[in-house]
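Open the model in your viewer and keep the selection panel at hand. The tour goes stop by stop, with something to select at each one.

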Amino acid sequence: AIMNGKDKKAGSIAGVHTIKNPIKAAIAVMEKSEHVMLSGNGAEQFAKLQGLEIVNPKYFWTENRWKSLQKAKELEKLKNPKAENSKPDYFIIDQKFGTVGCVALDQFGNLAAGTSTGGMTNKKYGRIGDAPIIGAGTYADENVGISATGWGEFFIRSTAARTIAAKIQYLNKDVKTAAQETIDEIEKMGGDGGLIALDKNGNFAMPFNTSGMYRGAITEDGEIEVEIYK
C-alpha cells in the first residue's frame, strides 16, 4: 500500500504472486485507476496493463522463508497429527524479515507512507493482513504518516494507523505518545508488532512490543539512526 498525506490519495494490492515490485502496482492503482485496492488476478492483470514487470513466482523463493514454512508445518503436525490434510491452524509471525515500510516528509511539508509484506508464514490461503489496508497498516494525512508491521489482525481490529492520526488531529497528542498508546492498545488485545510514524515537523516514533524491530531514520541533514533491539 501507499498513501499521500496531502490529498489522501491511496493505492494498494493484495494476494499477488507475479508482480516483481508490488509497491509499484500500488502506486499505479493510486495514480491510474479510480480504485484504492485491487487483489489477486485482477491486480496482476492491472499491473500487466500498466507495463509493470511480471516474473515467475519462483523469483520470490528464498531458502530462509522456505525453512520457516517447513518449521511451521512441523509444529502444526505436532499440535494436530491430522493437520497434513487440513487447513493450517499454526503460523509464524516473522517480525524480523517480513515487512518493509517507510514514511517520508518532503521539503514542502508533504507526508507519504508505504508498506510491503509477504505476510505470515503458513497463513491460510487468501488471508490478507494489515499492510494493504488503508488505516490499519498504512496511513498518511497532513499531520502524520504511519507504516506498521506485526500481527496484522490486531492492527486491523484497532485501525492502528488511523488511530494514531486521529489522536494527533483530535486529541492534540504528539507523535510519540499517540504511537506508543496505539501499540499498548494492541498489546492489551493480545497482539504484537511495531510501527514507524513521522509527523509534519519531522518528529518520529518507532515503538514496538517485541524483542526487536529493524528500524532506521535519516534527517534532512543526513544524520542516520539505525537500531534493532530496544
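Helices here are DSSP runs of H or I with at least four residues, strands are E runs of at least two, and both are numbered from the N terminus. On that numbering, Asn172 falls in the loop between H5 and H6. One caution before starting: this is a predicted model.

**Stop 1**

Select Asn172. Its phi is near 60°, a positive value in a residue other than glycine. Most residues other than glycine have a negative phi. Is Asn172 buried or exposed? Asn172 counts as exposed, at 69% relative accessibility.

**Stop 2: across H5 and H6**

Lys167 sits in helix H5 (residues 160-170) and Glu181 in helix H6 (residues 175-189), so the pair ties together parts that are 14 residues apart in sequence. Lys167 is buried, with a relative accessible area of 15%. Glu181 is partly exposed, at 27%.

**Stop 3**

How many salt bridges does a search of the whole structure find? The search finds six. For another of these, select Glu53 and Lys20. Their closest N and O atoms are 3.7 Å apart, and the pair forms a salt bridge. Why does this pair tie together parts that are 33 residues apart in sequence? Because Glu53 lies in the loop between helix H2 (40-49) and helix H3 (63-79), while Lys20 lies in the loop between strand S2 (10-14) and helix H1 (22-32). Both count as partly exposed: Glu53 at 46% relative accessibility, Lys20 at 25%.

Next, select Lys8. Look in the loop between strand S1 (2-4) and S2. Lys8 is not a glycine, yet its phi is positive, about 60°. Lys8 counts as partly exposed, at 40% relative accessibility.

**Stop 4: strand S7**

Select residues 144-150, which make up strand S7. How many of its seven residues are buried? Seven of the seven are, and the strand is mostly covered. Color the two faces separately. Val144, Ile146, Ala148 and Gly150 are on one side. Gly145, Ser147 and Thr149 are on the other. Both faces are covered.

Now bring in the neighbors. Strand S6 (residues 138-140) runs antiparallel to S7, joined by three bridges. Tyr139 has Ile146 in S7 as its bridge partner. The hairpin from S6 to S7 passes through three residues. Then show strand S8 (residues 193-199): seven bridges join S7 to S8, again antiparallel. Val144 stands opposite Asp199 in S8.

**Stop 5: S10 and S11**

Select Arg215 and Glu227. This salt bridge has its closest N and O atoms 3.0 Å apart. The pair links distant parts of the chain, 12 residues apart: Arg215 in strand S10 (residues 212-218) and Glu227 in strand S11 (residues 224-229). Arg215 counts as buried, at 9% relative accessibility. Glu227 is partly exposed, with a relative accessible area of 35%.

Finish with Glu220, Asp221, Glu223 and Glu225. Together they form a negative surface patch. Where is Glu223? Glu223 is in the loop between S10 and S11. Glu223 counts as exposed, at 58% relative accessibility.

Definitions and conventions: Residues are numbered from 1 along each chain as its sequence is written. This is a predicted model: local features need pLDDT of at least 70, side-chain atom pairs count only at pLDDT 80 or more; totals for chains, interfaces and linings use all residues. Side-chain values use heavy atoms; hydrogens and water are left out. A salt bridge is a side-chain nitrogen of Lys or Arg within 4 Å of a carboxyl oxygen of Asp or Glu. Buried means under 20% relative accessible area, exposed over 50%, partly exposed in between (1.4 Å probe, protein chains only). Patches are made of residues with over 30% relative accessible area and no salt bridge: like charges are joined within 9 Å, nonpolar side chains (Val, Leu, Ile, Met, Phe, Trp, Tyr) within 5 Å. Accessible areas come from the Shrake-Rupley method with a 1.4 Å probe; for residues, only the protein chains shown count as cover. Lys and Arg count as positive and Asp and Glu as negative; His and the chain ends are not counted. The place of a charge is taken as NZ of Lys, CZ of Arg, CG of Asp or CD of Glu. Two strands pair if DSSP finds at least two bridges between them.
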